Amino acid sequence: MSKKSFFQRYEWSAYFYLFPALAVILTFHVLPVFYAMVISVHSGGMTNYFKNFVGLSNFEYVITNKHFWYSMWNTLYYVVGTVPVQIFLSLFIAILLNQKIKGLEMYRVIYFLPVITSVNAISIVWKYMYQKYGVLNSFIGFLTGIPGPDWLMDTTWAMPAIIIMSVWKGLGYNVIIFLAGLQNVPPSLYDAAKIDGAGRWKTFWNVTWPMISPTTFFVMIMSTISSFQVFAQVYMMTGGGPQESTTVVIYYLYQLAYVEHKMGRASALAFILFLIIFAITYLQKKFTAKRVHYN
Amino acid sequence: MFKSIKAEEKFIGTLIHIFLIAGALTMLAPFLWMILTSFKNKFEALDSTIIFPAKFVYENYIIAWTKAPFFKYFLNTVFVALACTIMQLFSSSLAAYAFSHMNFYGKEWLFNILLATMMVPQQVLLVPNYFILKQLGWLNTFYALIIPWSAGFFGIFLLRQFFMTLPKDLWDAARIDGCSRLKFFFKILLPLSAAPLTTIAIFTFVGNWNSFLWPLFVTNDQTYYTLQVGLSNFNQSEGTEWHLLMAASTFCVLPLLIMFFMAQKQFIQGIAHTGSKE
């Protein structure tokens with residue numbers, strides 16, 4: 001290979017192709033990260049924002065604030081309530097759908113419907129169903145004879161109500177991903193298990209579960225990350241109430257930035273959330289790495 | 001327990017269908033309730049023991065539609081979602097072309113910077129982008145809704161992966177025939193990439209159609225409201241006018257539902273594809 005000069009070695013017209021995407025991504029996705037750091041160490045009004053350098057006091061404000069800890073606790077409650085149930089149910093449904101059953105396409109479409117509808121519209125519907133004398137409580141009363149709770153007005157039931165609605169909304173997405181994962185398991189492995197006389201339960205634990213572990217891992221990480229960012233359901237259904245029982249981190253961020261106009265504190269909070277998501281993703285990766293089986 | 005393996009299979013098959021049908025009904029019930037309520041009168045909507053309206057009140061749709069400027073919200077949303085989708089397709093395919101076919105200075109670290117943007121949650125960007133848009137004078141304009149989402153790493157990555165699976169001889173053969181880089185991109189690469197382009201188009205369109213936190217932040221003028229922001233305001237102003245709220249919810253989800261029924265294969269394949277990437 002002949003040695004080319006610096007200018008001949010590269011195709012400089014590449015930058016022409018990169019320009020539209022790079023201009024947007026650098027301006028609105030990369031620069032803001034650094035800008036957020038600057039904002040988080042300043043305090044001021046909406047117009048003269050960079051007047052006062054305040055060091056880390058915005059961070060200090062956030063982590064010593066009881067509202068932050070409420071919101072953190074509520075978010076964890078939401079994540080722990082949503083992710084495992086979501087994984088269990090969607091895997092279960094995907095396995096049922098993978099049994100060469102009739103009507104697969106129809107089921108797939110139906111389970112996927114909530115995924116593409118907007119959270120806002122569907123939140124209004126669930127809010128309506130969750131009313132004290134709403135259809136859900138009529139149904140519960142009809143089945144059990146016990147009057148249901150006033151879901152969204154009750155500090156005990158508001159978060160479970162949001163969790164149930166979110167599981168319902170996101171289930172279909174994970175069903176599709178699990179189904180794709182299940183369909184990638186080579187049929188020869190199932191044949192081998194059959195020859196060895198393994199029952200359904202054994203086949204699941206020894207063939208299916210290890211073979212789809214990369215998919216399970218993907219679903220777990222993705223749904224954890226997105227669950228930490230829950231917002232629209234809360235905004236639409238409870239407005240963070242009653243008594244802050246559903247104020248999640250992003251809702252608190254929204255209040256800091258949009259209602260109180262404390263942009264520095266909001267930025268600090270966003271960074272803290274980012275670090276938490278990052279740490280949890282990292283830990284999940286570390287703990288599950290040994291158990292995930294890649295071909 | 002069972003007389004034969006066949007009887008057991010049949011029993012399990014029935015059990016599977018019972019589970020799946022129960023699940024499917026749970027998925028559909030809120031939609032059915034939404035549609036039924038949207039045709040009820042005010043008093044029927046407040047009594048949850050009434051399942052079917054005595055008389056279908058079609059006027060609910062007209063009242064809801066005209067009570068807030070939903071037609072305007074609709075046009076705004078279609079415009080924003082379409083513009084984002086077209087620009088996203090354009091910018092990501094060009095960038096993916098450079099990353100997959102060209103050798104340029106800084107390729108490696110540029111790609112890594114873009115990869116890192118995937119890790120940053122949107123919420124971190126919210127406040128700084130508010131200031132950036134303010135300095136650009138773009139708050140309360142369509143620019144604020146469109147430009148920041150007119151490119152993204154997801155599309156670039158998906159297309160780059162796809163372009164790299166195409167045989168290298170393709171470009172070599174084209175070059176011998178005197179084909180330029182640009183011509184190769186438009187005449188050969190793009191026509192081959194219908195599948196990944198469709199996936200990106202669907203994701204971008206649906207994402208922007210349903211986007212809420214961003215438009216809530218960067219617009220506070222009704223002229224630029226999207227459907228989701230408009231609907232959330234309608235939710236706050238109408239309180240317990242459930243019949244109207246259900247009518248509004250119905251017409252807000254309808255366009256995407258229709259789109260989904262028309263292209264459900266592409267939707268589902270697109271999602272299944274992104275899931276198996278890991």
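**A charged pair and its surroundings**

Mentor: Let's start with Arg175(B), which forms a salt bridge with Asp172(B), their closest N and O atoms being 3.8 Å apart. The term salt bridge here means a side-chain nitrogen of Lys or Arg within 4 Å of a carboxyl oxygen of Asp or Glu.

Some ground rules before going on. This is a predicted model, in which local features need pLDDT of at least 70 and side-chain atom pairs count only at pLDDT 80 or more, while totals for chains, interfaces and linings use all residues. Residues are numbered from 1 along each chain as its sequence is written, chains are lettered from A and ligands numbered from 1 in the order in which they are written, and side-chain values use heavy atoms, with hydrogens and water left out.

Back to the pair. Why do these two sit about one helical turn from each other? Because Arg175(B) and Asp172(B) are three residues apart in helix H9 (residues 169–176) of chain B. Helices here are DSSP runs of H or I with at least four residues, strands are runs of E with at least two, and both are numbered from the N terminus. Asp172(B) has 29% relative accessibility, so it counts as partly exposed. For that scale, buried means under 20% relative accessible area, exposed means over 50%, and partly exposed is in between, with a 1.4 Å probe and protein chains only. In general, side chains of opposite charge can pair when their charged atoms come close.

Over all chains there are six salt bridges. Another one sits in chain A: Glu105(A) pairs with Arg108(A), the closest N and O atoms being 3.6 Å apart. Both belong to helix H5 (residues 104–116) of chain A, three residues from each other, about one turn of the helix.

Lys42(B) forms a salt bridge with Glu241(B), and here the closest N and O atoms are 3.0 Å apart. This pair links distant parts of the chain, 199 residues apart: Lys42(B) is in helix H2 (residues 42–46) of chain B, and Glu241(B) is in the loop between helix H13 (227–238) and helix H14 (242–262) of chain B. Lys42(B) has 34% relative accessibility, so it is partly exposed.

That brings up how chain B is divided. Its domain assignment gives domain 1 (5–60) and domain 2 (69–238), with the bounds coming from an automatic or database domain assignment. The C-alpha centres of these two domains of chain B lie 37 Å apart. Tyr58(B) is found in the loop between H2 and helix H3 (59–67) of chain B, and with a relative accessible area of 53% it is exposed. Between the C-alpha atoms of Tyr58(B) and Leu25(B) there are 25 Å, at 33 residues apart along the chain.

What about covalent links? A disulfide is a covalent bond between the sulfur atoms of two cysteines; the cut-off used is a pair of cysteine sulfur atoms within 2.5 Å. The total over all chains is zero disulfides. Cys252(B), for one, is in no disulfide, and its nearest cysteine sulfur, that of Cys84(B), is 18 Å away. Cys252(B) is buried at 2% relative accessible area, and Cys179(B) also counts as buried, at 15%.

Most residues other than glycine have a negative phi, and most peptide bonds are trans. Glu244(A), though not a glycine, has a positive phi of about 60 degrees. Its place is the loop between helix H12 (232–237) and helix H13 (249–259) of chain A, and at 26% relative accessibility Glu244(A) counts as partly exposed. His261(A) isn't a glycine either, and has a positive phi of about 55 degrees. His261(A) is in the loop between H13 and helix H14 (263–289) of chain A, and is partly exposed at 38%.
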